[in-house]
2 protein chains.
Amino acid sequence: MNNRVTDLFQIKYPIFQAGMIWCSGWKLANAASNAGCLGIIGAGSMYPDVLEEHITKMQKATDLPFGVNVPLLYPDIEKLMEIIIRKRVKVVITSAGNPSIWTETLKKEGIRVVHVIANKKFALKAESAGVDAIVAEGFEAGGHNGKEETTTMCLIPEITDSVNIPVIAAGGIGSGSSMLAAFALGAEGVQIGSRFAACAESSAHDNFKNAIRSAKEGDTKLMLKDIVPVRLLRNKFFGELEEAYDACATREEKLQILGRARAKKGMFLGDLEEGELEIGQISSMISEPETASDIVKEIVTDYNDISQNLAKHLL
Amino acid sequence: MNNRVTDLFQIKYPIFQAGMIWCSGWKLANAASNAGCLGIIGAGSMYPDVLEEHITKMQKATDLPFGVNVPLLYPDIEKLMEIIIRKRVKVVITSAGNPSIWTETLKKEGIRVVHVIANKKFALKAESAGVDAIVAEGFEAGGHNGKEETTTMCLIPEITDSVNIPVIAAGGIGSGSSMLAAFALGAEGVQIGSRFAACAESSAHDNFKNAIRSAKEGDTKLMLKDIVPVRLLRNKFFGELEEAYDACATREEKLQILGRARAKKGMFLGDLEEGELEIGQISSMISEPETASDIVKEIVTDYNDISQNLAKHLL
């Protein structure tokens, strides 16, 4: 397949491996890039020197293109961007902030810029800011998410109808069938998070990977909607938050329960009771240990088989 | 296309027109059946004698198969079922209740039974009860909905993996592209609600149809989650409910705001301020006045075009 996404990012398959905090270090990015996807290092959970180390190791391991995901609310963002530019990273995926602040600077350096959005308003804003492509992320996605709660099935046609740049679908996608569904809806690429978070090369703690593989339907929920919407796996910490909401706790009380460094505790250190476990609804369909290469091979086979089979039986 | 859904229900296209309260009278069902779908009369908003009148008119208008949607919590359900059996209706779609209560009785009369579910547990229960097919309805669907908030993208593969009977996808589907997406996910049919609710033959009030066509992304929300989850279009009544939730109102206070007959007031009588307006997220993609036949023609053309085009560009 050759389309605008494979051309823009010089990749074999139009698949992004999501740059997830505590999961997406250089090992996962390298495995994903070698499997034909765009591997992405998640800078959101890294100090600047840690990011530099991961970029260095990635560049030593492969000549293939890769990206870095940068949440625009990162406190020391100038330092991150200085490293990204100096190390000649080819792709930056920005999220959680205003796309007009960094896009021009990065593009002047020859860097491809992609912005993550969850609604039409921000899709238009990102296009105006000059980004090369958009990741449109539906309600079912893990981690931080939009307030409109628009699902991937409704969001993708809404966004592909609104912008001219390519749209990469995220949220609920972890298989060849869901990738094909996203393409039917008009996406030209997909971003896969949860399934890569649980794979062998992810830097997440094994406890968290096991928890993802054990998750059943209904085990995740979009929480903290009034503060910063985030989809979490149910655990003890989640229960405490839910109780606070049921009891109509104040914002301050909720923030106190949330505390600090919960995501690291859960996803990187493996504390399944006290940690924050960010994962998507599609975790209910993940059950076997596997490598990034296993995932991509299965997706490619299933996508092609299902597509050919559907085209044999028209309405 | 011939598949288990077209065979079971003797229809040209594997498309159900949803049996929606206040929208799906015999006129809409007749138009949908004539366009090649399974037309469905929505009994949920009808007194028994009104349902009988609609069935009589439908049978006078066409020999094509049609169904009746029956919410199992309907207070006078024995009377409804007596009419359905006596009038020799061929298909019953049950929802909102235990599928084991009526399935056997209906099947003994030669009636095809379909049950609507929003999670795996009820899908398995419906299959055990002996239903012929399942409608699996995702979080983005209008009206009553599941507590798990599982989206169509995640629900369909979960359910098709769990049961052997055919799965009809609902929620977020109103176009050829979304129908193809549902089929990619493993569905063998789709149920379309919102788009038919707004069409010429729907019995909804014109004010409500205009409101659907004016809806933008983010204008619907799943409300009343602790009482009976229902996706509504934002209006004055919705705002009052939202305020009550923000103020942590008691269940009794919320029920008092909800009051009685709000759905009729909004959807049938056209009171856009005080009425309850049940509609799906996909309403944001509906903008033009159209007939049921227009809708089906466009879906068929788009489904076939997109499917053939996707199959030309494999991974």
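The model is predicted, and every value below was computed from it. Chain B touches chain A through 45 residues on each side, and the domain assignment of chain A gives domain 1 (4–202) and domain 2 (206–282).

**Contact between chains A and B**

- In the contact between the two chains, 45 residues of chain B meet 45 residues of chain A.
- On the side of chain B that touches chain A, the elements that give two or more residues are the helices α7 (152–162), α8 (176–184) and α14 (292–311) of chain B.
- Of these elements, α14(B) gives the most to the side of chain B that touches chain A, with 8 residues.
- Sorted by class, that side of chain B has 21 nonpolar residues, 17 polar residues and 7 charged residues.

**The largest nonpolar core**

- The largest nonpolar core has 213 residues, and among them A:I134 and B:I134 touch the most other members.
- This core draws at least three residues from domain 1 (4–202) of chain A, and at least three from domain 2 (206–282) of chain A.

- The C-alpha centres of domain 1 of chain A and domain 2 of chain A lie 23 Å apart.
- The contact between these domains takes 22 residues from domain 1 of chain A and 18 residues from domain 2 of chain A.
- On the side of domain 1 of chain A that touches domain 2 of chain A, the elements that give two or more residues are β7 (143–144) and α9 (194–197) of chain A.
- The residues on that side of domain 1 of chain A divide into 8 nonpolar, 12 polar and 2 charged.

**Strands β2 and β3 of chain A**

- Strand β2 (residues 39–42) of chain A runs parallel to strand β3 (residues 66–71) of chain A, and 4 bridges join the two strands.
- Within this pairing, A:G39 has A:F66 as its bridge partner in β3(A).
- From β2(A), A:G39 and A:I41 point one way while A:I40 and A:G42 point the other way, and all of these residues are buried.
- Together with helix α3 (residues 48–61) of chain A, the strands β2(A) and β3(A) make a β-α-β unit that is right-handed.

Notes: Residues numbered from 1 in each chain as written. Chains lettered and ligands numbered in written order. Predicted model: local features only at pLDDT ≥ 70, side-chain atom pairs only at ≥ 80, totals over all residues. Contact = placed C-beta atoms within 7 Å. Nonpolar A, V, L, I, M, F, W, Y, C, P; charged D, E, K, R; others polar. Core = buried A, V, L, I, M, F, W, Y, C linked by C-beta atoms within 7 Å. Buried ≥ 20, exposed ≤ 12 C-beta atoms within 10 Å, placed from the backbone. Domains from an automatic or database assignment. Pairing = 2+ DSSP bridges. Right-handed = clockwise from strand over helix to strand, strands pointing away.
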